[in-house]
Amino acid sequence: MAAALMTGASSAALLAQDMTDKRISVAITETIAGYNPYGDAVVLVGSIWCQVYGCLMRYDFDTGRPIPYLAESVEPETDLTWIVKLRPDWTRHNGEPVLAEDVVHSIDRVKNDPASAQGFIVQPIQSIEVVDDLTLRITTDEPIATLRDNLTLIHITSKKQFDELGEQSYREPVGAGPYRLADLSIGSHMVLERIDDHPMISPTNPKQIVFRIMAEPEARVTALANGEVQIAQGIPPQLVDRVEQLPNAYAAFANSVEMMFLAMNPSTAPWDVPEARQAVAHAINREAIVRVLLGGRATLLDGPVGPGQFGYDAAFRTPYDYDPVKARALLESKGLLGVEVEFFTPVGRYTLDRQIAEAMVPMLEEAGFKVQLQTPEWASLWSNVQAGGVPFYYMGRGQMLDPSRALRQYFETDGSPRLDYSNPELDALLRAERGEFDTEKRYDLMRQAIAEVTQDAPAAFLWLHQMAWGVADGVDYTPRQADRVDGWDIHIR
């Protein structure tokens with residue numbers, strides 16, 4: 001059984017530790033929903049749970065593709081079936097094997113757990129069959145060339161433990177990843193401890209990682225300067241110079257693959273009118289925002305993807321250049337001048353999110369909208385977005401090295417409640433691209449899908465941030481494009 005979770009006193013002591021004996025703290029901007037690994041759709045938190053439980057696959061940033069993790073291999077058998085073989089030599093933290101029945105159980109929890117926020121991951125899976133203790137057959141409802149990518153996100157929990165303890169098992173997880181859960185305090189922190197003999201662990205990886213929630217950028221930089229944390233996520237442009245001048249830390253950069261966008265739900269007025277959505281896309285002076293607020297540290301998007309992402313076409317240009325006169329004319333043509341809209345933004349979740357949204361308000365009003373800016377707490381906003389209750393919002397969608405799953409989730413009919421959008425032509429293109437196993441043909445289909453969704457404008461695509469991280473001297477850590485912090489990527493000198 002996993003080690004008991006720590007008391008409040010011992011937890012406080014942990015948070016005060018530095019790199020002594022390879023213990024580090026990481027300041028993150030994310031919230032942690034709770035103990036249920038299926039109840040959180042945030043990329044970074046999902047990556048933490050993958051370090052505890054293990055996932056079938058993981059993304060290899062050096063090769064740019066998913067590679068086996070708990071699986072030994074994942075190979076297509078036919079257009080609709082895949083064979084998954086589990087590693088025979090890896091065990092859970094209590095010495096028990098990871099079995100095929102655990103994978104079936106985990107996929108069932110993703111689908112049917114009332115708290116699951118990850119159902120979209122297993123949408124294509126029609127059935128899963130145990131062939132033997134270490135072999136499974138996955139059947140999909142349509143050809144799905146991206147199944148390996150989906151399997152990087154499924155945490156493999158123990159069926160035996162769940163049968164014995166139910167959801168209490170999440171509080172004492174017996175995982176198969178290179179770290180075990182030592183402590184979790186919702187809204188505060190999460191502590192992982194290294195499994196020394198795990199095949200993925202090296203002696204230079206941290207023995208203990210404390211993920212500390214710090215929404216305010218100033219707090220993250222101050223904690224880095226004081227030695228309270230050794231890695232700080234999301235350093236905004238105006239604080240990068242301060243980090244670079246610290247005697248005990250440095251700034252490291254990664255080009256994000258998190259699409260920043262303005263979502264407009266076409267099932268709500270005025271976003272059911274294409275011209276209103278097009279007016280938003282023309283209204284935003286993206287170049288000025290990137291130059292003035294982001295210090296040039298962002299790449300403008302002509303669609304949902306940028307350089308280095310699957311489906312990117314360097315020759316493609318968005319039809320929505322900055323043109324407030326055209327934006328106003330579009331609204332006027334539909335009798336929508338002065339239409340009132342509520343505009344929702346997170347605060348402290350993304351780089352300068354509130355400041356960016358505040359800069360957008362006069363741009364939208366110049367175009368003819370009457371805007372009321374809403375700044376709810378991130379946890380509340382995120383919950384409402386997932387439930388489909390936010391008509392117009394500024395947001396990011398991470399983990400888009402391959403955008404197939406994200407485009408399905410946001411823009412395919414019934415993909416998720418987040419954006420109630422339907423376009424039969426786009427649906428057909430997205431079905432075709434994810435069912436095409438020939439990479440060149442799939443790339444061409446993806447380009448067509450990107451052009452279609454950009455033109456119809458259920459979202460105005462903005463930019464990819466160049467993400468700055470603060471890293472303490474003595475720590476070797478290269479930030480990843482997909483906003484992950486994996487213990488096996490961190491080395492302490």
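Started at Ile 128, which stands opposite Ile 138 in E7. This is a predicted model, so I'm reading every value here as computed. I looked up the pairing around that spot: E6 and strand E7 (residues 135–140) run antiparallel to each other, with 6 bridges between them.

Next I traced the whole sheet. What is the order of the strands? I get E4-E5-E7-E6, an open sheet of 4 strands with antiparallel pairing. The edges are strand E4 (71–76) and strand E6 (125–132), each of which pairs on one side only.

Helix H3 (residues 100–112) does, and it touches strand E5 (81–86), E6 and E7. The direction of H3 makes about 165 degrees with that of E6.

Went over to the E4 side. E4 and E5 pair in the antiparallel sense over 5 bridges, and the two form a hairpin with 4 residues between them. One facing pair I noted there: Glu 75 stands opposite Ile 83 in E5.

New entry, helix pair. Two packed helices get described by an axis angle and an axis distance, so those are what I looked up. For helix H6 (residues 217–225) and helix H7 (residues 237–244), the axes come within 11 Å and cross at roughly 5 degrees. An angle under 35 degrees counts as roughly parallel, so H6 is roughly parallel to H7.

Which residues in H6 meet H7? I list Pro 217, Glu 218, Val 221, Thr 222 and Leu 224 on the H6 side. Their partners in H7 are Leu 239, Arg 242 and Val 243. Sorted by type, the residues of this contact come out as 5 nonpolar, 1 polar and 2 charged.

Last entry, the whole protein. I have 15 helices and 19 strands on file. The radius of gyration is 23 Å, close to the 23 Å from the globule rule for 493 residues, so the protein is as compact as a globular protein of that length. The C-alpha trace spans about 70 × 55 × 35 Å along its principal axes. Of the 493 residues, 58% count as buried. I also looked at contact range: among contacts with a separation of 6 or more, 71% are between residues 24 or more positions apart.

How values were computed. Residues numbered from 1 in each chain as written. Predicted model: local features only at pLDDT ≥ 70, side-chain atom pairs only at ≥ 80, totals over all residues. Heavy atoms only, no water. Axes fitted to C-alpha atoms, helices over the stretch in contact; angles between N-to-C directions. Parallel < 35°, antiparallel > 145°, perpendicular 65-115°, else oblique. Contact = heavy atoms within 4.5 Å. Nonpolar A, V, L, I, M, F, W, Y, C, P; charged D, E, K, R; others polar. Pairing = 2+ DSSP bridges. Rg over C-alpha atoms; globule rule 2.2 N^0.38 Å. Buried < 20%, exposed > 50% of the residue type's maximum accessible area, 1.4 Å probe, protein only.
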